[in-house]
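Me: I'm new to looking at protein models. Could you show me how to read a few features, one at a time?

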Amino acid sequence: NMGCCLKDRDILQLSSWLGEDCHFKLLYKISRDGGSAEKFHELCDNKGPTVTIFYNTDNNVYGGYLSRSWQRSGGWITDGSSFLFQLYSNRKWNPNMFEVKDTESNVYFDEDHGPKFEDLNSFSGIIEKTSDYYEMIKDDLFRNSYYETRDNDAESIANGHNNVTDLEVYLVKEGLRKPWQEPPVWEPQTLESLKKFIGSFEPNEELNVPEVNILLVGQVGAGKSSVVNTINSIWKGEISTRSWAGSSEHSLTTSFTRYKIRDPSTGTYLKFRLCDMRGLEGDMNVKSEDIASLLDGHIPNKYKFNPAAPATKDTPGFVKEPTIKDMIHTVVFVIDGSNVEVMPDEIVKKLKDIKEMLIVRDIPLMVFETKIDKVCSEVDKDVEEVFYSETVKTSVDKVADVIAIPRSHVFPIKNYEKEGSLQTGISILALRALKQALLFSEDFLENQS
């Protein structure tokens, strides 16, 4: 079976037929989204020009280009710029473009139909897989009446049938584009493998550290508590609020809290704790002595920070002789990407002071850059655009610059805030970042041993 997705060679060929460099964004894939006309229209209508690609069971790959948007209604319409094409013939590369003839009404818009061209139809209503393929409509297939197939026909292009292992519809966008960082594959499998890694993560047992401690540090309102909520929601399988998240000019988190995340599938806790401390503010900052005590494992859970006086060995619960399991193993600066330009000097100074404390202790540092949807409107519409967005790249560079850490240690994320339900892309970004925090913690522990 020809792998069902566009390859570089296919993209170049389609671009040359379209007369300009293009990139393609997958909107609908029948094996992933199911064979229903309803689903096809939900994912593909009103998006702009598309190519539809049929992956025939005999390793023939062919399809059609529509220069307009798909619609639920309209019946037969005329798209003079549409064309049909062939990319592979019995697995061999054999590109052919079949231009529209001088005819009316060559594409069909109807809510009960999948993508439908004259001479190339797909399915109507709902289509189920029979054994290991979908039996698409083969009436009038490549019959040379609306599109010029020259001496090609259904037999030479498709071995005389329209049974496919997959069908895909891609949005065609102008311009080749290079991501500024290699994006993850935005598929449920990616999310599952991240969950599997994090779910089975355990610190080296010789160290006698039951779970790693990840400290979240950030300005009031940057989204520290929302990070906890986001990660907890991904595990619960629904949006949840564990810690007080919201906007307020003073820190909503006033005490040091260690959150554990429960995995409902096993009923056990994951082997890390997200440690949330009071948000940094201009005038009411957490004392440096408290941060040092926190890093070294002296500060007890639920300790309330007192801006006037740091914790001492007489503070109730103060851990006088902390071991490696009490210490912080990785620090995450949570920084609001949408206001990094206007971050107050005293906050920047505070973060830099904390960074100095980390260097002395060899504690790894990374940044979760939040609110990327406010940085870039494209990302607000579709979080999967994040590694193609110039504005996000600029803000990530700026953060890396201000904190003076490598760009690869800055992870753009979007917290669940206004969403009603979980989304694969948002969850993948959060878990990629968390996975890195776990790997950094592991490095730290290995160095300590």
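Reply: Happy to! A nonpolar core is a set of buried Ala, Val, Leu, Ile, Met, Phe, Trp, Tyr and Cys residues joined through side-chain atoms within 4.5 Å. Keep in mind that this is a predicted model.

Me: How many residues are in the largest nonpolar core here, and which have the most contacts inside it?

Reply: The general idea is that nonpolar side chains tend to be buried together in soluble globular proteins. In this model the largest core has 87 residues, and L215, F272, M277, V331 and F333 have the most contacts inside it. Helix α12, residues 424-448, gives the largest share of this core with 12 residues. A second, separate core has 31 residues, including Y28, I127, L141 and V169.

Me: What does L215 touch, leaving out residues up to four places away in sequence?

Reply: Its partners are F256, C275, M277, L294, L295, I328, T330, V331 and V332.

Me: Next, is N60 buried or exposed?

Reply: Buried means under 20% relative accessible area. N60 has 0% relative accessibility, so N60 counts as buried. You will find N60 in the loop between β2 (50-56) and β3 (61-66).

Me: Which backbone atom does the side chain of N60 reach?

Reply: The side chain of N60 reaches the backbone nitrogen of N90, at 2.7 Å. Beyond four places in sequence, N60 also touches other residues, among them F54, Y55, Y88, I157 and N159.

Me: Where is H329, and what surrounds it?

Reply: H329 sits in the loop between α7 (288-295) and β13 (330-336). H329 counts as buried because its relative accessibility is 0%. The side chain of H329 reaches the backbone oxygen of M327 at 3.3 Å. Leaving aside neighbours within four places in sequence, the contacts of H329 include V209, E211, I363, P364, F440 and F444.

Me: Now for pockets. How much space lies in the largest pocket, and which residues lie nearest its centre?

Reply: The largest pocket holds about 1,900 Å³ of space. Its lining has 48 residues, and F24, K25, L26, W186 and E384 lie nearest the centre. By class, 23 lining residues are nonpolar, 4 are polar and 21 are charged. Strand β1 gives the largest share of the lining, 7 residues. Other elements that each supply at least two lining residues include α1 (8-18), β9 (163-174) and α12.

Me: What about phi in N208?

Reply: N208 has a positive phi of about 60 degrees, although N208 is not a glycine. You can look for N208 in the loop between α5 (188-200) and β10 (212-218). With 62% relative accessibility, N208 counts as exposed.

Me: How far apart are T78 and S105 in sequence and in space?

Reply: T78 and S105 are 27 residues apart in sequence, and their C-alpha atoms are 4.2 Å apart in space. T78 belongs to the loop between β4 (75-77) and β5 (83-89). A polar atom of the T78 side chain lies 2.7 Å from the backbone nitrogen of S105. Not counting residues up to four places away in sequence, T78 touches R68, T103, E104, S105 and N106. T78 is partly exposed, with a relative accessible area of 33%.

How values were computed
Residues are numbered from 1 along each chain as its sequence is written. This is a predicted model: local features need pLDDT of at least 70, side-chain atom pairs count only at pLDDT 80 or more; totals for chains, interfaces and linings use all residues. Side-chain values use heavy atoms; hydrogens and water are left out. Buried means under 20% relative accessible area, exposed over 50%, partly exposed in between (1.4 Å probe, protein chains only). Helices (H or I, at least four residues) and strands (E, at least two) are DSSP runs, numbered from the N terminus. Contact means heavy atoms within 4.5 Å. A polar contact is a pair of N or O atoms within 3.5 Å; within protein, one must be able to donate a hydrogen and the other to accept it, and residues adjacent in sequence count only if both atoms are side-chain atoms. On a 1 Å grid over the protein atoms alone, a cavity is a set of points where a 1.4 Å probe fits but cannot get out, and a pocket is an open set with protein on both sides within 12 Å along at least five of seven lines; lining residues have an atom within 4 Å of a point. Grid points are joined across faces, edges and corners, and a volume is the space filled by probe spheres set on the points. Ala, Val, Leu, Ile, Met, Phe, Trp, Tyr, Cys and Pro count as nonpolar, Asp, Glu, Lys and Arg as charged, and the others, Gly among them, as polar.
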